[in-house]
Amino acid sequence: MPERLARGEASIIFGAAMTSLLHQNERDRLLQFLRQRMVRDLAVDGLPRPALTRHDARQSSWADDNARAAEILVQPANWTADPLLGQGVLRTLMALGPRERLHRRWSSPRLEIRSEDPHRFDVRTAGGRFTGDLSRGVVIESVRGGEGHDAEAVRHTGNLVEFRIGTRRHLIDVEDTVSDCGIRRAGAEVVLFHESRLSAPVGFLGRGPEREVATIRYEYTLSAETPVVRLAVTLRAAAGVKLNRVRITTAWDELSESTMARTLLVEGQGGITRRDAVSPDGKASRVHEGRFDHLALLGHGGEPELDHLLHLRPRRPELARSVTLQPGSDGRAHWVLIRYGQDALDGGAAFAVMEDRLLLSGSAALPAAQDKALALMQAALVDRDVADGLDPASAEDTGAALNAVATALLFNAAGRYGAAALPRDRVEALRGWYDRQLDAALAEEAGTRSLSFAALSLDAMSRATGEGRYAKRLRDALRMLLGRQAAEGAFAEPGGRAVTLDGHAAAILALARAALRGVDLPDLAGATARAIEALRLAADPALPAAETVAVRFQGADGQRRGDTGLRTDKLALVLRALTAIRLAVAEGVLELPADTRERADLMTARAMVRLRDTLRDRGGAGMEALASPLSDMAEVASQSATILAATAPDEAVASLHALGAAA
C-alpha cells in the first residue's frame with residue numbers, strides 16, 4: 001500500500017494495547033470544559049433543565065449536540081458523579097422529540113431588529129435572518145447555521161403584475177416602481193413592506209393619458225412565535241379604473257447566484273411534479289398550470305447544516321394560475337415565478353393573495369422521496385410543536401439520540417448506576433420514547449451516520465432487554481447499512497451520490513459492534529475490510545499542508561467525491577471506530593487481512609496526531625478540542641467526539657454480553 005507511517009508516528013499494533021490518546025487527567029479536563037462552558041439550564045418543555053448550547057446561541061439547544069453529549073454523561077462513572085446532569089440532558093432530548101420525530105433545535109422566542117433602515121434592514125429570529133433593501137423590493141432570507149454561520153437561502157423578489165385596460169395589456173416590474181417601504185413592529189410581529197404605484201395609459205385602446213391605475217403592496221410578517229413567514233400581496237385598482245385579466249405574482253429570484261443545486265416540487269390536483277432545476281437550452285418552462293396546494297424549493301449540495309427546503313402554501317390555492325421556472329445563463333434555476341389570477345377588478349376594489357412560507361434547514365430537511373418532502377411540508381406548516389419553540393426541521397442524527405438513551409438503559413439494567421439507578425417510571429418513559437423515535441431513524445432517507453448509530457442503539461437495547469424484536473431490527477438496520485456500501489468500500493449517503501467521513505466511520509463502528517455482538521451477517525468481515533481499505537491519507541483543500549484521514553468513492557452519477565477529517569468531530573469518530581475494530585480483532589470475533597490491519601494502524605496513528613493538534617488548555621475551565629485546525633474554539637460536536645474517542649465507550653457496552661441473547 002502506498003501510505004506508510006511517518007517518522008515519529010507510533011504504529012498501533014492489533015492485539016496489543018493501543019497507545020492512549022490522552023491521559024486520564026486530560027480526559028477529565030475535556031469533560032470539565034463541556035460541563036462548564038457548554039451546558040446551561042433551558043426551559044425546553046417549560047421546566048428549566050440542563051441542555052447543551054453553542055457559544056453564539058445561548059438561548060438555543062440542538063438535538064444532535066444533546067445526543068452526542070448524552071452518550072458521555074450516561075457512562076457509569078460520569079452518571080454516578082452527577083446523575084442530575086445525565087438525567088437532565090436525557091429529559092431535554094425527550095422534550096426535543098415530543099412525538100414521533102426528533103426536532104432539530106429548540107430556541108426561545110426571538111425577534112430582534114438590528115437595523116430599521118429600509119435600505120439596509122436586518123431582522124433576526126430564532127432560526128433565521130432577514131436582510132435586504134425594501135426600496136428595491138428585495139427580502140433576503142438566510143439560514144442560521146451553527147456557531148454563528150449564516151448563509152443566504154433565497155431572495156424573495158422578482159415580482160411582476162399584469163392586467164389589461166381596455167384592449168391593451170400591461171406588464172410591470174414591481175421592484176422598479178416602489179414608492180413606499182418600511183418596517184412596522186406590532187407586538188410580537190414585525191412587518192416588512194414595500195408598495196408600488198402603478199401608472200398606465202387609460203382608455204379603451206390604451207392610448208389615453210397616463211395616470212395612476214393601481215397600487216400593489218407586499219407585506220412579509222415575521223413572528224417571534226413561529227418560523228412561518230406570512231406573505232400578503234394586495235392589488236387595489238384606482239377609483240374609476242377597471243382592470244381585466246389580472247395577474248399578481250410572488251417569486252424567488254437570483255437563485256443561480258448560489259452554488260447550490262435546486263429542485264422544485266409542486267403538489268397539485270394531478271399529483272406531484274418534480275423539476276431538477278437545470279435547463280441546458282436556457283428557456284423558461286411552465287412547471288405547473290392551475291391550482292396547487294404546496295410548493296417546495298430544495299437547496300442542496302453545500303454544507304449539510306446549510307442545505308434547506310423552502311416551503312410555500314397558498315392560503316387560497318384556487319387563485320393560483322401557474323408556476324414558471326426561468327434558468328440563468330448557466331442553465332441552473334434562477335427565477336421561480338408564481339402567478340395568481342382574477343378575471344376583473346373594478347375601480348376601488350382589491351385583489352389579495354396570501355402565502356405561508358417556511359424555511360427548514362439541515363440535510364435532514366431534504367427527504368429522498370418527493371412525496372415525503374411534500375408530506376413534511378404540510379405537517380411542518382401546521383405543526384403545533386412549532387409554537388413551543390421547536391424547529392420544524394428534523395434532527396440530523398436521531399440515531400445518536402437513540403444510542404444515548406439505549407446506552408443509559410443498558411447500564412441501568414446492568415446495575416452500573418448503583419444508588420443513582422433510574423426509577424421504573426423513568427425507565428418506562430425512556431423506552432416508550434425510544435420506540436416512538438425508532439422508525440424515523442431507520443427510514444430509507446436517514447443519513448448514514450444516523451442509521452449507523454441507530455444500529456448501535458439496537459445493539460444496546462437488545463443487550464439490555466433480551467427482546468428478540470430489537471435483535472431483529474438490528475439485523476435489518478445492518479443489512480440496510482451494507483446496502484449503501486459501494487464496490488470500493490465506502491459507505492454512501494442515501495441515493496448513492498455523496499459520502500461523508502463521519503458517516504463512513506460510523507458505519508465501520510456499527511460493523512465492529514455487530515462483530516462484538518455476534519450478529520450473523522454474510523461477509524461481515526469482508527465488508528469491514530473493504531470499509532477500512534476505503535480510508536486513505538489526503539490533505540483538505542482548506543489546509544493543504546496537513547495530511548489527514550479521508551474517504552473517496554465514485555457516486556451513482558459517476559462523479560468522484562470524497563470527504564476529509566478536517567473537522568475534529570469526523571476525525572475523532574474515525575479513531576473511535578478503529579478502536580472498536582481493534583477490540584473486535586483482539587476478542588477473536590473479527591478476522592482481517594494483515595494489510596487491512598496495517599492500514600487501520602496508519603489511519604489510527606494519523607488521526608491521533610491530528611486530534612492532538614486541536615487540543616487547547618484553558619486553565620481553570622479545562623481543555624477544549626477545537627472544531628478544526630482552522631478554528632479558534634470548540635463546538636459541542638468536536639468536544640463530545642474527542643471525549644468519546646479517548647474513552648472507548650464501546651468496550652464497556654460490549655462487556656455486558658450476558659444481559660440478552662445473541663443476535
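Predicted model: local features only at pLDDT ≥ 70, side-chain atom pairs only at ≥ 80, totals over all residues.
Three aromatic pairs are counted in the model. In one of them, the ring centres of tryptophan 79 and tyrosine 417 are 4.5 Å apart and the ring planes meet at 5 degrees, so this pair is classed as stacked, the cut-off for that class being under 30 degrees. Because tryptophan 79 belongs to helix H3 (residues 76-81), whereas tyrosine 417 is placed in the loop between helix H6 (398-413) and helix H7 (424-441), the pair ties together parts of the chain that are 338 residues apart in sequence. Tryptophan 79 and tyrosine 417 are both buried, and together with Phe411 they make up one aromatic cluster.

A further contact joins tyrosine 434 and tyrosine 470, whose ring centres are 6.0 Å apart and whose planes stand at 75 degrees, so the pair is edge-to-face. Distant parts of the chain are linked by this pair, since tyrosine 434 lies in helix H7 and tyrosine 470 in helix H9 (residues 468-482), 36 residues apart. Tyrosine 434 has a relative accessible area of 0% and is therefore buried, and tyrosine 470, at 1% relative accessibility, also counts as buried.

Charged side chains are found over the faces of two further rings: arginine 54 lies over tryptophan 62, at 4.0 Å from the ring centre, and arginine 217 lies over phenylalanine 193, at 4.1 Å from the ring centre.

As for the strands, S17 (residues 261-268) pairs with S18 (residues 271-276) in the antiparallel sense over six bridges, and the two form a hairpin with two residues between them. Within this pairing, leucine 265 has arginine 274 of S18 as its bridge partner.

How values were computed: Residues numbered from 1 in each chain as written. Heavy atoms only, no water. Pairing = 2+ DSSP bridges. Helix = DSSP H or I, 4+ residues; strand = E, 2+ residues; numbered from the N terminus. Phe/Tyr/Trp six-rings, centres within 6.5 Å; stacked < 30°, edge-to-face > 60°. Buried < 20%, exposed > 50% of the residue type's maximum accessible area, 1.4 Å probe, protein only. Lys NZ or Arg CZ within 6 Å of the ring centre and 35° of its normal.
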